[in-house]
Amino acid sequence: MNTSKNFVLHSNWPPSGDQPEAIEALTQSIKNGNRFQTLMGVTGSGKTFTVANVIANLNRPALVLAHNKTLAAQLYSEFKNFFPENAVRYFVSYYDYYQPEAYIPSSDTYIEKDASINDRIERLRLAATKALIERRDVIVVASVSCIYGLGLKETYEQAIMSFKVNDRIDQRDFLAKLVGNYYERSDFTPEQGKFRVRGDTVEIFPAYEENVCVRVTFFDDEIEKIDLTEPLTGHVIENVNEASIFPARHYVTQDDAIKTSTPLILKELEKIENDFKDKGKLIEAQRIRMRTLYDLEMLQEAGYCSGIENYSVYLDGRKHGEPPGTLIDFFPDDYICIVDESHITLPQVRGMFNGDRARKNSLVENGFRLPSCLDNRPLEWNEFEARMKQAVFVSATPGDYEMNTSKIIAEQIIRPTGIPDPEVEILPAKNQIDDLVDKLRDCEKKNQRALVLTLTKKSSEDLADYLKELKFKVKYIHSELNTFERAELIRDLRAGKINVLVGINLLREGMDLPEVTLVAILDADREGYLRSYRSLIQIMGRAARNIDSKILLYADNLTDSIKIAVNETKRRRKKQIAFNKAHNIKPVSIIKDVLDLLPPELSAAFDKDEKISSSANKISNKKSKMTIPELERLMWEAVEKLDFEKAAILRDTIAEIKTKDL
């Protein structure tokens, strides 16, 4: 099913500075069969552009791994611009809200799983796996959710419905196959993951496509015609001879999976129940029996139960301890793994398994889940490492793992703009707030932007409140903000709606902020993770896109981390200045249009709740992009979650829109 198509890189400029050397070194290293290589590039040196050139040179599928959704969204947007003719896809967690199942023994508190799935993100995830099955010119930008269980690729591929003109199949059997692939019948509203029947015509709205409907026309028990149409207008886009419908979910079970799994689950239940009884844990024994039998009854009657993923080892036909199927399994063996900001991303991957295991162990030990639930898990580090056939680690400050395992380390210090690393000024921490206020006043007069880094959430909140009292246009960026809200804050900073952002460590990696001229790091001499030399260098990099940039380190003591960070900054600055002199380059600040950080399809996915949370009188029929059926669906979701306040706002909004339509 794979098709061959070359990657075509689109760019308004050729590689410059030391980009050509880095591109050549990385390309040759991978072609020579080396497994790991590192691109150690300073902020603003065009590392993403270098990676794009390497992918184009190698012409292989690529997985670009990022450590958070915001960075993944920015990379997705950049790669889409570089490769408009190829398949660039986005794969992150599809939960708007996720509360995993958990048990806290100290307070005897059981927390039931609660989640809200973002339909748009799910569509993008399905589009990613579809592209990997159909073609080779694919780049998937993913968060670490790509190491979590997704279901077996083989089972997913077997469920793909392929058909062509003149195929003989009864329409009822055709519809039954659609239902078996998790498509729902809806004869009124055209929505992804649904189909409708009009006489001899079946219209399918693929779960992974937003603007295409597959219209299949039958003549008796034969497929007479297949058209690709526009979902809303019904206009024919293209007449085709064959088509394929991929499942509406990633997790697909074989037809007899539940039947064959039931005796295995019952056998495990009997063993665990007896173990509890032998230990005198009668409550736990009764609990695991009641919960498991209820799940089995739901599986047999409805084909699904809450927490079905906890039985995945049986439903998939895996052995205990075997790794789950993940997104990585959909890539061919010769794919390239690009680990962005590797000094953060790789440790995050390492930590996923242990955190998941600790939570589930508590559920198992207290009779809420069978031990087989432990097989529903993310990849362990050694499993992930084995799946990195060939990888490029990208970071301004690579970690020890990258430095020790890479065959080559390509250094990219020269910025095409000629901007050297900013000068660093070390000031006493004793009166840091008063001095900072004076520096921020200077920035304000010049209409410049500033980032201020504190050590704790409390100090960030207090400082932001204090600066507000002094009439600064300031906001506090914190971990509770969702992806859309963070993107909005960053856009507001660039646009000048705010001049100062205060935070802890959320502004370090991957954010492109050319308007920032001042980065102030408070309490820089407090040794630790937030003030390690790697963290300091990353933070300093936020001011490396403007010729007027300056770094302020408030410290009473020169720690080893400060010395290393300052010396490295001086080394890079010296090299850039020498390059500028040799090539007669005059440094120029980066000027970029202030655009949404998220591309349109992601903005639509992330801002859904933002639209709803505003009061009803702010939503008009003209301004709201959401249709009445969409609002009604969200209203009933709110009712099911007992969020009656939100449901009431949605109800009033729907009524207001209907009144305006009269």
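These legends accompany several close-up views of a predicted model. Residues are numbered from 1 along each chain as its sequence is written, and side-chain values use heavy atoms, with hydrogens and water left out. Because this is a predicted model, local features need pLDDT of at least 70 and side-chain atom pairs count only at pLDDT 80 or more, while totals for chains, interfaces and linings use all residues.

**View 1. The seven-stranded sheet.**
Here seven strands make up an open sheet with parallel pairing, and their order is β3-β8-β2-β17-β18-β1-β19. The edges belong to β3 (87-91) and β19 (408-412); each has a single partner strand, so one side of each lacks a neighbour in the sheet. On average, neighbouring strands are turned by 20 degrees against each other, direction ignored. Strands (E, at least two residues) and helices (H or I, at least four) are DSSP runs numbered from the N terminus, and two strands pair if DSSP finds at least two bridges between them. Ala62 has Ile336 of β17 opposite.

**View 2. Helices lying across the seven-stranded sheet.**
Helix α2 (residues 47-58) lies across β1 (36-41), β2, β8 (138-142), β17, β18 (391-395) and β19, and runs at about 145 degrees to β1. Helix α4 (residues 119-134) lies across β3 and β8, at about 135 degrees to β3. For these angles, axes are lines fitted to C-alpha atoms, for helices over the stretch in contact, and the values run from 0 to 180 degrees between N-to-C directions.

**View 3. Where α2 meets α3.**
Two packed helices are described by the angle between their axes and the distance between the axes. For α2 and helix α3 (residues 69-82), the axes come within 11 Å and cross at roughly 50 degrees. That makes α2 oblique to α3; angles under 35 degrees count as roughly parallel, over 145 as roughly antiparallel, 65 to 115 as roughly perpendicular and the rest as oblique. The crossing of α2 and α3 is right-handed, meaning the near helix is turned clockwise from the far one by less than a right angle. Thr48, Phe49, Val51, Ala52 and Ile55 of α2 make the contact with Leu75, Glu78, Phe79 and Phe82 of α3, where contact means heavy atoms within 4.5 Å. These residues divide into seven nonpolar, one polar and one charged. Ala, Val, Leu, Ile, Met, Phe, Trp, Tyr, Cys and Pro count as nonpolar, Asp, Glu, Lys and Arg as charged, and the others, Gly among them, as polar.

Gly151 sits in the loop between β8 and α5 (153-158) and is buried, with a relative accessible area of 6%. Buried means under 20% relative accessible area, exposed over 50%, and partly exposed in between (1.4 Å probe, protein chains only). The C-alpha atoms of Gly151 and His250 are 6.3 Å apart, although 99 residues separate the two along the chain. Neighbours within four places in sequence aside, Gly151 is in contact with Tyr251, Gly325 and Thr326. Asn59 counts as partly exposed at 25% relative accessibility. Glu341, in the loop between β17 and α10 (342-365), has a positive phi too, near 45 degrees, and is buried, with a relative accessible area of 5%.

**View 4. The six-stranded sheet.**
Six strands form this open sheet, in the order β20-β25-β24-β21-β23-β22 and with parallel pairing. At the edges stand β20 (423-427) and β22 (474-476), each with a single partner strand, so one side of each has no neighbour in the sheet. The twist averages 20 degrees from one strand to the next. Five bridges link the parallel strands β21 (residues 449-453) and β24 (residues 516-521), and Leu453 stands opposite Ile521 in β24.

**View 5. The packing of α13 and α14.**
Helix α13 (residues 432-445) packs with helix α14 (residues 457-469) at an angle of about 50 degrees, their axes 12 Å apart. Here α13 is oblique to α14, and the crossing is right-handed. Ile433, Leu436, Val437 and Leu440 of α13 make the contact with Leu463, Tyr466 and Leu467 of α14. The residues of this contact divide into seven nonpolar, no polar and no charged.
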